[in-house]
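Subject: The structure for you to look at

Hi,

Here is the structure I promised to pass on. Please open it beside this email and follow along as you read.

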Amino acid sequence: GGKIEPFHVTQGALQDCYFLSALAALAENESTIHSILNNQTFNPTGIYKITMRIHGELEEVLVDDFIPVNDKG
């Protein structure tokens with residue numbers, strides 16, 4: 001894959017700029033975003049496990065590559 005850059009994170013219609021700004025901040029330092037990925041290989045099912053702090057506690061979270069969009073992105 002290519003290098004992870006903050007400009008890869010873009011705002012859509014989901015009103016989730018708080019989350020996207022955190023992802024863009026992580027992307028400022030590629031090693032930081034790689035540190036949350038539990039497995040850094042392509043998964044054909046599109047499901048990935050990441051480690052995040054939720055209310056200060058480390059938790060494993062499953063995320064998928066399904067990003068809901070409309071005809072305007």
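Let me begin with the turn between the two strands. In the hairpin of strand 1 and strand 2, two residues sit between the strands, and His55 there takes a positive phi near 55°. Helices and strands here are DSSP runs numbered from the N terminus, with at least four residues (H or I) for a helix and at least two (E) for a strand.

Before going further, a word on where this comes from: the model is predicted, so local features need pLDDT of at least 70 and side-chain atom pairs count only at pLDDT 80 or more, while totals for chains, interfaces and linings use all residues. Residues are numbered from 1 along each chain as its sequence is written, and side-chain values use heavy atoms, with hydrogens and water left out.

Back to His55. Its place is in the loop between strand 1 and strand 2, and the positive phi occurs in a residue other than glycine. Is His55 buried or exposed? His55 is exposed, with a relative accessible area of 82%. For these words, buried means under 20% relative accessible area, exposed means over 50%, and partly exposed is in between, using a 1.4 Å probe and protein chains only.

The whole chain

The protein chain has two helices and two strands, and along the sequence they follow the pattern α-α-β-β. Of its 73 residues, 14% count as buried. The accessible surface comes to about 5,900 Å², and 59% of that belongs to carbon and sulfur atoms. Such areas come from the Shrake-Rupley method with a 1.4 Å probe, and for residues only the protein chains shown count as cover. Among contacts between residues at least 6 apart in sequence, 13% join residues at least 24 apart; a contact means heavy atoms within 4.5 Å.

The two strands

Strand 1 (residues 47-54) and strand 2 pair in the antiparallel sense over eight bridges. Two strands count as paired if DSSP finds at least two bridges between them. You can trace some partners yourself: Met52 is bridged to Glu59 of strand 2, and Thr51 is bridged to Glu60 of strand 2. How many of the eight residues of strand 2 are buried? The number is zero for strand 2 (residues 57-64), so this strand lies largely in the open.

Glu60 also takes part in a salt bridge, where its side chain meets that of Lys49 at 3.6 Å, N to O. This pair links distant parts of the chain, with Lys49 in strand 1 and Glu60 in strand 2, 11 residues apart. A salt bridge here is a side-chain nitrogen of Lys or Arg within 4 Å of a carboxyl oxygen of Asp or Glu, and by this rule the count comes to one. Side chains of opposite charge can pair when their charged atoms come close. Lys49 is partly exposed at 37% relative accessibility, whereas Glu60 is exposed at 55%.

The two helices

Which residues of helix 1 are buried? They are Leu20, Ala24 and Ala27. Seen down the axis of helix 1, these buried residues fall within an arc of 55°, so they line one face of the helix. The arc is that of the directions from the helix axis to the C-beta atoms. What covers these residues includes helix 2.

Leu26 lies in helix 1 as well, and it counts as partly exposed at 24% relative accessibility. Not counting residues up to four places away in sequence, Leu26 touches Thr32, Ile33 and Ile36. The C-alpha atoms of Leu26 and Ile36 are separated by 9.6 Å, and the two are 10 residues apart along the chain.

Asn29 is found in the loop between helix 1 (17-27) and helix 2 (30-36). At 39% relative accessibility, Asn29 is partly exposed. Its side chain makes a polar contact with the side chain of Ser31 at 2.8 Å. A polar contact is a pair of N or O atoms within 3.5 Å; within protein, one must be able to donate a hydrogen and the other to accept it, and residues adjacent in sequence count only if both atoms are side-chain atoms.

Finally, look at His34 in helix 2. His34 is partly exposed, at 26% relative accessibility. Leaving out residues up to four places away in sequence, His34 touches Ile4 and Gln40. The C-alpha atoms of His34 and Ile4 are separated by 9.3 Å, and these residues are 30 apart along the chain.

Enjoy exploring!

Best wishes
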